Amino acid sequence: MRILRIIPILVLFLLGTTINADAQCKAFAKKVCLPELGAYTHDGNYHAAILVEGEEAELYKTFYSDMEYRVAICGEDKLPSVEFKVLDSNKNVLYSNKDKDGKYSKTWDFKLQSSQQLKLVVKVTSFNQSGDTPASGCVAIMFGFKVKK
Amino acid sequence: MNKKYGVGSVILILFLLFASLLAGCRSGGTKATKEDVKLDVPKDNAAVYEDIKKAEKIFNALPSPLESAMLIKSAGARFDEALLNPIGNVNNYVTSKKMALNLGIYTCDLSFASLYEQTQLIIDYMNAAKKMADGLGILKAIDQSTIDKLEENINNSEFIMETVSETFMNSNSYLEDNGQPAVAAIVLVGGWFEGLYISTQLIDMKDFNGNKLVGRIIDQKLSIDILINLLESSKGNPAVDEIIVQVNKLKIVFDKIKLTTSPVRPEFDKTSNTTMLKSEVKTDMTPEVFKELATVVAEIRNSFVK
């Protein structure tokens, strides 16, 4: 029953791999994305996940009229650019990080006249190389705030 | 097929099933609402990309304890130590649910004390949060060196804010990354309720109309569905199910408050490189509804700290 001896090793390997991937995601969020917040205070929340090329994520959050915000959305280098849009509760697009030249910004600074619940739609774009295994990597979404002047 | 080969195959299949289950469970801080994404896919397959597009992760982001405390301070509210959960209660919390709720609560109290530069309370509440994090097995979220550095920099408000933010991120990232999204959600719920509790208790009814803090309390109506969705993603967990029942009671009161917003108009300011989201909001909360809200919030929060 050699297979019985192999199984615990395989389980440990699998556990190690997944925990390591998650730990890498946290390290990526802290080392790469956190500095993007600059002078804004990080709210302390953690939103990060392993995403695959073409995959979307959504985030819902209330933003307050007393604050100025910076949102930073970062993807690992092995991923293609990360696109994000900000929508209001009526699904109107208020912001897209894709500029006229097709470049994607990592951060967006904004403030509100009245508090709003907004939706962020984050999408990992595609390398458009059919036939390849889609790239996957960590994407982190972080918020910084400061009191409105 | 000989018997030995058959048993081996069954074990291997069971292992593969377990492995795929394990991988599915470890989706981090998100709710995998549709199917999990497989990375080993046949090449040149448009359908695979189509499947990936359908895959979706949803984050329900509540205001963090630090943001909640900042909202209270920015509304011009005073500091009142009597409203915080006494640190003497730390030894009362022995279940994961109570420790998670009070990790959020103590972190909110810590944030509140930090913003009002209550130096001794900052250390005391950091220790209380540490005790909750340690009890939940959150490794290295708040270690002794964090507390030592905090003591050394107790008059540096920027350092304190960064430390509070970092330790909270350490806690919730640990829980999310270690397959405990329900506990992570409960921590956030605890922090959110504490912020709402402190806000409602700070309202003087003589100063109700035009009170900025009342406006911030009404704004929490915008987060109640996010809160419910966050908890619903861990539905089936007995601790979460109990909290959902309590939150639904609060939602009934929030539903009595009208809140209408005009369409949002983004206006970009080149000088500051900032977008202003312009919109007008109309709300109405009668003093009676506020009193009902404050009572329900206090009832739930007091059940958390009991």
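**Briefing: chains A and B of a predicted model**

In the hairpin formed by E4(B) and E5(B), four residues lie between the strands, and Asn273(B) takes a positive phi near 55°. Helices (H or I, at least four residues) and strands (E, at least two) are DSSP runs numbered from the N terminus. This is a predicted model, in which local features need pLDDT of at least 70, side-chain atom pairs count only at pLDDT 80 or more, and totals for chains, interfaces and linings use all residues. Residues are numbered from 1 along each chain as its sequence is written, while chains are lettered from A and ligands numbered from 1 in the order in which they are written.

**Strand pairing**

- Strand E4 (residues 265-269) of chain B runs antiparallel to E5(B), and five bridges join them; two strands count as paired if DSSP finds at least two bridges between them.
- Within this pairing, Glu267(B) has Met276(B) of E5(B) as its bridge partner.
- Strand E5 (residues 274-278) of chain B also pairs with strand E7 (residues 107-112) of chain A, in the parallel sense and over three bridges.
- Leu277(B) in E5(B) is the bridge partner of Leu112(A).

**Nonpolar core**

- The largest nonpolar core has 117 residues, of which Val139(A), Ala140(A), Ala129(B), Ile186(B) and Val189(B) touch the most other members.
- Such a core is a set of buried Ala, Val, Leu, Ile, Met, Phe, Trp, Tyr and Cys residues joined through C-beta atoms within 7 Å.
- A residue is buried if 20 or more other C-beta atoms lie within 10 Å of its own, exposed if 12 or fewer, and partly exposed in between, with C-beta atoms placed from the backbone.
- Leaving out residues up to four places away in sequence, Ala129(B) touches Leu103(B), Tyr106(B), Thr107(B), Leu110(B) and Ile142(B); contact requires C-beta atoms, placed from the backbone, within 7 Å.

**Helix H11 of chain B**

- Helix H11 (residues 238-254) of chain B has 17 residues and reaches 25 Å from its first C-alpha to its last, close to the 24 Å expected at 1.5 Å a residue; the expected span is 1.5 Å times one less than the number of residues.
- Val240(B), Ile243(B), Val247(B), Leu250(B) and Phe254(B) are the buried residues of H11(B).
- These buried residues fall within an arc of 75° seen down the axis of H11(B), so they line one face of the helix; the arc is that of the directions from the helix axis to the C-beta atoms.
- Their packing partners are H8, helix H10 (221-232) and helix H12 (287-305) of chain B.
- Exposed residues on the other side of H11(B) include Asp241(B), Glu242(B) and Lys249(B).

**Positive phi in loops**

- Lys91(A), in the loop between strand E5 (82-87) and strand E6 (93-96) of chain A, has phi near 65°.
- Lys91(A) counts as exposed because it has 8 C-beta neighbours inside 10 Å.
- Glu117(B), in the loop between helix H4 (96-115) and helix H5 (119-135) of chain B, has phi near 55°.
- With 13 other C-beta atoms within 10 Å, Glu117(B) is partly exposed.

**Chain A: content and confidence**

- Chain A has one helix and nine strands, and 45% of its 149 residues are buried.
- The average pLDDT of chain A is 87, and 83% of the residues score at least 70; pLDDT is the predictor's confidence in each residue, from 0 to 100.
- Among the elements of chain A, helix H1 (residues 2-33) has the lowest mean pLDDT (65) and E7(A) the highest (98).
- Over residues 11-18 of chain A pLDDT stays under 50, and the model has four contacts beyond four places in sequence for them.

How values were computed:
Two residues are in contact if their C-beta atoms, placed from the backbone, lie within 7 Å.
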